[in-house]
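Work through the exercises below with the model open beside you. Try each task before you read its solution.

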Amino acid sequence: MMDRLRIDRFRIRPYDLPLRRDWRSARGGFERRRGWLVCAATDGAIGFGDCAPIPAAGTEAPESAESALLNACARAPGRSVGEMLGMLDNGYAPTPAARFALECALLDLLSQAEGVPLRRLLAHDASDTVPVNGILGALATLTAADLDQAAEAGFRVVKLKVGVEDPPSEIGRMLALAPFVPADMRLRLDANGAWGYDEACRILDQLAGLPIESLEEPLRIPDPTRLHALQERAGFPLARDESLAGLTADADLGGLGVKRIVIKPAVVGGLRSALDLSRRAATAGIEVVVTGVVESAAGLWPTAQLAASTGSALPHGLATADWLAEDLGVAPCLTGAHLSLSDRPGSGFTPHPDPNPE
Ligand SMILES: O=C(O)CCC(=O)c1ccccc1C(=O)O
Ligand SMILES: [Mg+2]
């Protein structure tokens, strides 16, 4: 099928979507998300992908992504899906967000042609629902009412950005909020590399006993020996996320120093690389969480399909659609703390009509 399916045209459409409220993290924030909707057309079908680079999370810069996309568009006409997928394996490693978007468009087409949801192309035993965490933003803006609302909505794990204010202020806020965390809820913290090692040790000691589910990227310098020491000290998994950027396919995952990895397909260069990494992690006894980069529905759909194919039952970081005030299409349906994926062939994404057709 891969070699019979010919691409007539590949094109990209820039987008610029406002957020409902500013995103804040220790690596900076944003108030809009800009990227490109990637469209690959065959005779009779269209496949979609989303390229929304975010260098702070480990992707290339937007300019590099755009030239990689344009380059692929120029080479696509007349080539088969198989040839294009092969092309992405050569020379696209420095532009993982572009590679992810191009691959999504191709795999969307391929799964439509096979008549299966994209997740089944990735793994025969993929699940139909994806558990997700709530995403509440920076600790500094969090209230007890937000926690109640998240619990009401069905979330059992909610993610908070920490490392945005100085540690004493954040420790104070955490201790003050702790009594208001609903009994069956746990907090997933993400420091985005904010802390020095000694600082991180003090923070973990002071937060001991709080209902913390995990902590992403505690250290400014993600030295595996120090991460391992910190992991021994923590009563919950530490996770590496943006510090995995550039990880090679033969890297020893047991040597990362942490019990969990966060896999962003736009950082690791696509769905197949992400799935491969998740399988290697599982073999090494390392937990896997898949997350997006606050992208459009065109990126959330295939990323949710990927999460469903990994077999990881941990909540994934894919409940971000609500952060966008506008979107390119309808996002995967959130029911309680699960995304429900349709049985429709392909990624599941269909775009709203183009507001500015050529
Ligand atoms: O994990 C989630 O729930 C949402 C994804 C997220 O937090 C994120 C989104 C964009 C860039 C970086 C990150 C991150 O995990 O650090
Ligand atoms: Mg993170």
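**Exercise 1. Find which residues come nearest to ligand 1, and sort its shell by class.**

Step 1. Ala57, Ile135, Thr291, Val293 and Gly317 come nearest, out of 15 residues around ligand 1. A residue is near a molecule if its C-beta atom, placed from the backbone, lies within 6 Å of it.

Step 2. The shell around ligand 1 holds 5 nonpolar, 6 polar and 4 charged residues. Ala, Val, Leu, Ile, Met, Phe, Trp, Tyr, Cys and Pro count as nonpolar; Asp, Glu, Lys and Arg count as charged; the others, Gly among them, count as polar.

A note on the model: it is predicted, local features need pLDDT of at least 70, side-chain atom pairs count only at pLDDT 80 or more, and totals for chains, interfaces and linings use all residues. Residues are numbered from 1 along each chain as its sequence is written, while chains are lettered from A and ligands numbered from 1 in the order in which they are written.

**Exercise 2. Describe how helix 7 and helix 8 pack.**

Step 1. Locate helix 7 at residues 197–207 and helix 8 at residues 224–233. Helices (H or I, at least four residues) and strands (E, at least two) are DSSP runs, numbered from the N terminus.

Step 2. The two axes come within 10 Å and cross at roughly 10°. Axes are lines fitted to C-alpha atoms, for helices over the stretch in contact, and angles run from 0 to 180 degrees between N-to-C directions.

Step 3. Helix 7 and helix 8 are therefore roughly parallel to each other (angles under 35 degrees).

Step 4. Helix 7 makes the contact with Tyr197, Ala200, Cys201 and Leu204, and helix 8 with Arg226, Leu230 and Arg233. Contact requires C-beta atoms, placed from the backbone, within 7 Å. By class, this contact has 5 nonpolar, no polar and 2 charged residues.

**Exercise 3. Divide the chain into domains and examine the side of domain 1 that touches domain 2.**

Step 1. Domain 1 spans 9–115 and domain 2 spans 122–340. These bounds come from an automatic or database domain assignment.

Step 2. Their C-alpha centres lie 23 Å apart. The contact takes 31 residues from domain 1 and 33 residues from domain 2.

Step 3. On the domain 1 side, helix 3 gives the most, with 8 residues. That side divides into 18 nonpolar, 5 polar and 8 charged residues.

**Exercise 4. Locate the residues of the UniProt "binding site" annotation.**

Step 1. The UniProt annotation (unreviewed entry) covers Asp190, Glu216 and Asp241. Such annotations may be inferred rather than shown by experiment.

Step 2. They are spread over 52 residues of sequence, yet cluster in space, with a largest C-alpha distance of 9.4 Å.

Step 3. Asp190 is found in strand 7 (residues 186–190).

Conventions. Angles under 35 degrees count as roughly parallel, over 145 as roughly antiparallel, 65 to 115 as roughly perpendicular and the rest as oblique. Two residues are in contact if their C-beta atoms, placed from the backbone, lie within 7 Å.
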